[in-house]
Amino acid sequence: MATVSLAIEFATNNEKTANFNTLLLHCLSQIRRVLEPEFTGDIPVSAYNSLFLIRAFSKHFIGNMTRDEIHRQFEGQCLDDDIVDKHMINGLTCEENKYTRIELGHNNLVIDLLVIQDSRSKSEQLLDCLVTVISTLDPISNASTYEFYQECLNTLLALLSTQIHQPSANQLDNNYFLNILLTCFSNDIDILTKRLIMNFVEQKSPPPASTNVVYNAYSYLFPGRSSAALPADIPPIAERSLLILLLLASQWKMPGQDKNKFREAIKSLKDSQISEDSDMAISFRALYQLICRQLSNEEICLILYLLMVENEDFRVYVLSRLDPEILLLQILRLLYDGVEGKANYSQMYILLTILLLFSQDEVFNENIQKIQITYQPWFTERLLKSISLGGLTYLVLIRIIQYNLCSHRDVYFHTSSLAIMANLGSSIQDTHPYVAQRLVNLFDIVAKRYQKLYKKAQDGEEENSDDISIYGDLVCLVLEIINSVLTRRLNLNPELIYSLLHKKDLFTRFQSHPRFSELIANINNVTSYFHVRISESNLKSPSAEEISELIETTARTWPPGRLKEFPDLKFQYEEESESQEFFCPYVWALIYRHTWIYWDEEKARILHDYIMHEETVASDVFIV
């Protein structure tokens, strides 16, 4: 494309011609003019076009130059001191002679003398202008402002894209503009964060398009690789603002900082209904409703994750709602479909983590056991006319575990799923027959696999000791979950007792195993007790319904103290100290996939391992 050849020429000749530096000074001057309090009306065409060209050339520099070379391109001297002095004669101050038309080549460009005299680097000035525009300008005041605001977001992303060319998210030294933003703008982080998330919440649609020649011509000819695949209900400024916020919040903390400052800003957000006077007040209700409507978008999952992890007020707001099914059913459906390869694997990580965060709240766990859900067409493995929300959660998690053990074997998947099940275990009541069957069947699957691996190791066959350990842990966790239900709510779960009786022989083979014997003893105690009561009833050829009724009746008189109590199974999510190694590539993958800006895939090094991982997972999809 034409801008590539121009950028190459600029980069080659700029140290002599200073054409790019002159363009940069003119662009900074135009933005400063737009930001003046008295400025009204349409954004000047020269402001659009100069900013667009700065973005196009900067992206080329960033993709093809080292940090020092980028610095030289931006900080080269383009005006001699005598040219500046010529416009300061006769006692005129910068304020009096603020905008001076300086003749450069064949063109006259308006350059603000304050830009020239600013002691900061031109890179910092450019970032300052972009941050100020994003934080203060109203994008829907008119069509030209909307396009200009959108171009400021585009330019900021292009400048931050030094990171996309690094092999790892922790290559801090080579991220020229990103480092400047994170170190020099700490006083602007709160207002920038609030504005970015407000742009997302408000979802302002663009006014009718303007007539900007260069920018609109480019947008028409090069609309973006995947613009057709973007969700139609997310306006461009809303989506780009959210992606920028996610990118900044996923960065490593800078040297000398205790935590990422953008995460701290997210932590400080307040609900406007409670803290209306707070500078960081937003509508939690509007934000929550928007998340519920658009959760299928991966960036929405990520912002929900960040809010749940960082902002206690928002976490309490979500967990205290009386309609948890609205959000939870969407999460369950995305996880269920993800097993069939319909969701990005990284998105499933995030969704499982969100579900784990939900399950840490006891009140939430109790509530979802009481909410009855009618037929869900997406749940295709069995027709369920009615089931508790907690029971449906169990079924989806069991499906994920079985899929994972059959194909990808990701430890995080099955440990997170079992951790959620364990957190829910002490709250389970009125277990659906199918849930009880699936839980016992899950034990059967992991127990058989563990026995097979253990026997091979005992026979001297070479076997992966990690696999033995993993399956041993799985057997133990499933047994602990069953024990948690039995010791705390046996009388409320007769269907689980029925399933245990039906498959009681599965557990006898482990009763002498030193690691599992105590857990098995409790289950054998229950099955033996109910087996005796059924035998004593003298029912001749009893039906399943008769046995179920007898179990339910007997469970009401279950004597307390018959089972050994174990410590409560409670798992807490703790973000890894190097979580940026996961989040940074993931966010860049979203930007790359949804982008209106083209990056060369070969040079987008931070995505290489991520893309390979996703392709490997996709090839392993196996339906259970």
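Analyst: A crossing is called left-handed if the near helix is turned anticlockwise from the far one by less than a right angle, and right-handed if clockwise. The model is predicted, so local features need pLDDT of at least 70 and side-chain atom pairs count only at pLDDT 80 or more, while totals for chains, interfaces and linings use all residues. Residues are numbered from 1 along each chain as its sequence is written, and side-chain values use heavy atoms, with hydrogens and water left out.

The protein chain has 29 helices and 6 strands (DSSP runs numbered from the N terminus: H or I of at least four residues, E of at least two). Of its 624 residues, 55% are buried (under 20% relative accessible area; exposed is over 50%, partly exposed in between; 1.4 Å probe, protein chains only). Taking contacts between residues at least 6 apart in sequence, 75% join residues at least 24 apart (contact: heavy atoms within 4.5 Å).

Start with helix α8 (residues 143-160) and helix α12 (residues 236-249), whose axes cross at roughly 25 degrees and come within 10 Å (axes are fitted to C-alpha atoms, for helices over the stretch in contact; angles run from 0 to 180 degrees between N-to-C directions). The two are therefore roughly parallel (under 35 degrees; over 145 is roughly antiparallel, 65 to 115 roughly perpendicular, the rest oblique). The crossing of α8 with α12 is left-handed. From α8, the contact takes in Tyr146, Tyr149, Gln150, Leu153, Asn154, Leu156, Leu157 and Leu160; facing them in α12 are Pro236, Ile237, Arg240, Ser241, Ile244, Leu247 and Leu248. By class, this contact holds 11 nonpolar, 3 polar and 1 charged residues (nonpolar: Ala, Val, Leu, Ile, Met, Phe, Trp, Tyr, Cys and Pro; charged: Asp, Glu, Lys and Arg; polar: the others, Gly among them).

Next come helix α21 (residues 411-425) and helix α23 (residues 465-489), with axes 9 Å apart and an angle of about 15 degrees. They too are therefore roughly parallel, and their crossing is left-handed. On the α21 side the contact is made by Val411, His414, Leu418, Met421, Ala422 and Gly425. The α23 side supplies Ile470, Leu474, Leu477, Val478, Ile481, Ser484 and Val485. The class count for this pair is 10 nonpolar, 3 polar and no charged residues.

Tyr345, Leu352 and Leu355 of α18 meet Thr393, Leu397, Ile400, Tyr403 and Asn404 of α20, which gives 6 nonpolar, 2 polar and no charged residues.

Helix α18 (residues 345-359) also contains glutamine 347. With a relative accessible area of 3%, glutamine 347 is buried. Apart from neighbours within four places in sequence, glutamine 347 contacts Leu295, Ser296, Asn297, Glu298, Cys301, Leu334 and Tyr586.

Lysine 570 sits in the loop between α27 (544-556) and α28 (580-594). Its relative accessible area of 37% makes lysine 570 partly exposed. The C-alpha atom of lysine 570 is 8.9 Å from that of leucine 424, although the two are 146 residues apart along the chain. Leaving aside neighbours within four places in sequence, lysine 570 touches Glu362, Asn423 and Ser426.
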